[in-house]
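Take the sections in any sequence you like.

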Amino acid sequence: MIPWVRLDTATIPGASGELRLMQRGAEFSIMIGSNELMNSRLSGSEEALASLSAAKIAGRPGASVLIGGLGMGFTLRAALAEFAPDAAITVAELVPAVVAWARGPMQPVFGDCLDDPRVTIHEGDVSPLILAGRKGFDAILLDVDNGPEGLTRESNDGLYTMRGLGAAFAALRPGGVLAVWSSGPNAAFTQRLNKAGFAVEEVKVKAHRGRSGAKHVIWIAVRRD
């Protein structure tokens, strides 16, 4: 069996953990401690985050889309395919090294998606962009940490509190969609989304397209007005 090789490490701003970029043949993994945050073989649910969101705002001209978390680029590439050609897509990635990995060792996974003219990369926390939005976005897609029950950074939890959901609601245009990826269900989070003014669907999606195995959860929350 081909062994895993550690390519690089990166500190997480505001956290004590360290990300490790691992490679085994053509497969990549990003880990923290003993937990695998993402793997280049498992793309189904991240792609669904974009496709389910795009379906909710289909037909909107010049859609403004905010993606929280670059990861391995699965959500971004799906967004480029699913949203209209005139969409503007901003990706906020907290860890600068993840962007460097996308342009470096993981370039075979990313292709040229970071250079698409529709894409703007923001190296920093997604929260300030949400707070400054004020009905500026048609869709906000969050693939930050491990979902509402995070692993890497306590301050990420603020995105999923009532205050954080209120900020997302305010940043969306009427009928806009907040889509949230999670490794598993969270009934309390579903309740908070409803209380924050969203019409909520909780969708279970296969981690790997067309295969059995693990399922992840995506909340599709449409702003009610």
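## Salt bridges

D116 forms a salt bridge with R118, and their closest N and O atoms are 2.9 Å apart. The term salt bridge is used here for a side-chain nitrogen of Lys or Arg within 4 Å of a carboxyl oxygen of Asp or Glu. D116 is buried, with a relative accessible area of 18%, and R118 is partly exposed at 22%. Buried means under 20% relative accessible area, exposed means over 50%, and partly exposed lies in between (1.4 Å probe, protein chains only). By the salt-bridge rule, the count comes to eight.

A word on the source: this is a predicted model, in which local features need pLDDT of at least 70, side-chain atom pairs count only at pLDDT 80 or more, and totals for chains, interfaces and linings use all residues. Residues are numbered from 1 along each chain as its sequence is written, and side-chain values use heavy atoms, with hydrogens and water left out.

## Two further pairs and a network

R223 and D225 also meet through their side chains in a salt bridge, at 3.0 Å from N to O. R223 is buried, with a relative accessible area of 9%, whereas D225 counts as exposed at 67%. Elsewhere, salt bridges that share partners join R24, E27 and R41 into one network.

R24 counts as partly exposed at 22% relative accessibility, while E27 counts as buried at 9%.

Strands β1 (residues 5-11) and β2 (residues 18-24) run antiparallel and are joined by six bridges. Strands pair if DSSP finds at least two bridges between them. Helices (H or I, at least four residues) and strands (E, at least two) are DSSP runs, numbered from the N terminus.

If you look across from R6, you will find M22 of β2 standing opposite. Six residues lie between the strands of this hairpin, where G14 takes a positive phi near 80°.

## The seven-stranded sheet

Which order do the strands of the open sheet follow? There are seven, in the order β7-β6-β5-β8-β9-β11-β10, with mixed pairing. The edge strands are β7 and β10, each pairing on one side only. From one strand to the next, the twist averages 15°. For angles, axes are lines fitted to C-alpha atoms (for helices, over the stretch in contact), and values run from 0 to 180 degrees between N-to-C directions.

β5 (residues 64-68) and β6 (residues 88-93) run parallel, joined by five bridges, and L66 has T90 in β6 as its bridge partner. The chain crosses from β5 to β6 through helix α2 (residues 74-82), a β-α-β crossover that is right-handed. Right-handed means that, with the strands pointing away from the viewer, the path from the first strand over the helix to the second runs clockwise. β6 is joined in turn to β7 (residues 119-123) by five bridges, again in parallel, with E93 and E123 as bridge partners. β10 and β11 pair in the antiparallel sense over nine bridges, and K206 stands opposite K215 in β11.

## Helices against the sheet

α1 packs on the sheet, touching β8, β9, β10 and β11, and its direction makes about 20° with that of β11. Contact means heavy atoms within 4.5 Å. S45 lies in α1 (residues 44-56) and counts as buried at 0% relative accessibility. The S45 side chain makes a polar contact with the side chain of W181 at 2.8 Å. A polar contact is a pair of N or O atoms within 3.5 Å; within protein, one must be able to donate a hydrogen and the other to accept it, and residues adjacent in sequence count only if both atoms are side-chain atoms. Leaving aside neighbours within four places in sequence, S45 is in contact with W181, V205, K206, A207, H216 and I218.

Helix α6 lies across β8, β9, β10 and β11, running at about 135° to β9. Why is α6 (residues 162-171) described as largely enclosed by the rest of the structure? It is because seven of its 10 residues are buried. They are G164, L165, A167, A168, F169, A170 and A171. What covers these buried residues includes α5 (127-131), β8 (137-142), β9 (172-182), α7 (187-195), β10 (198-206) and β11 (215-223).
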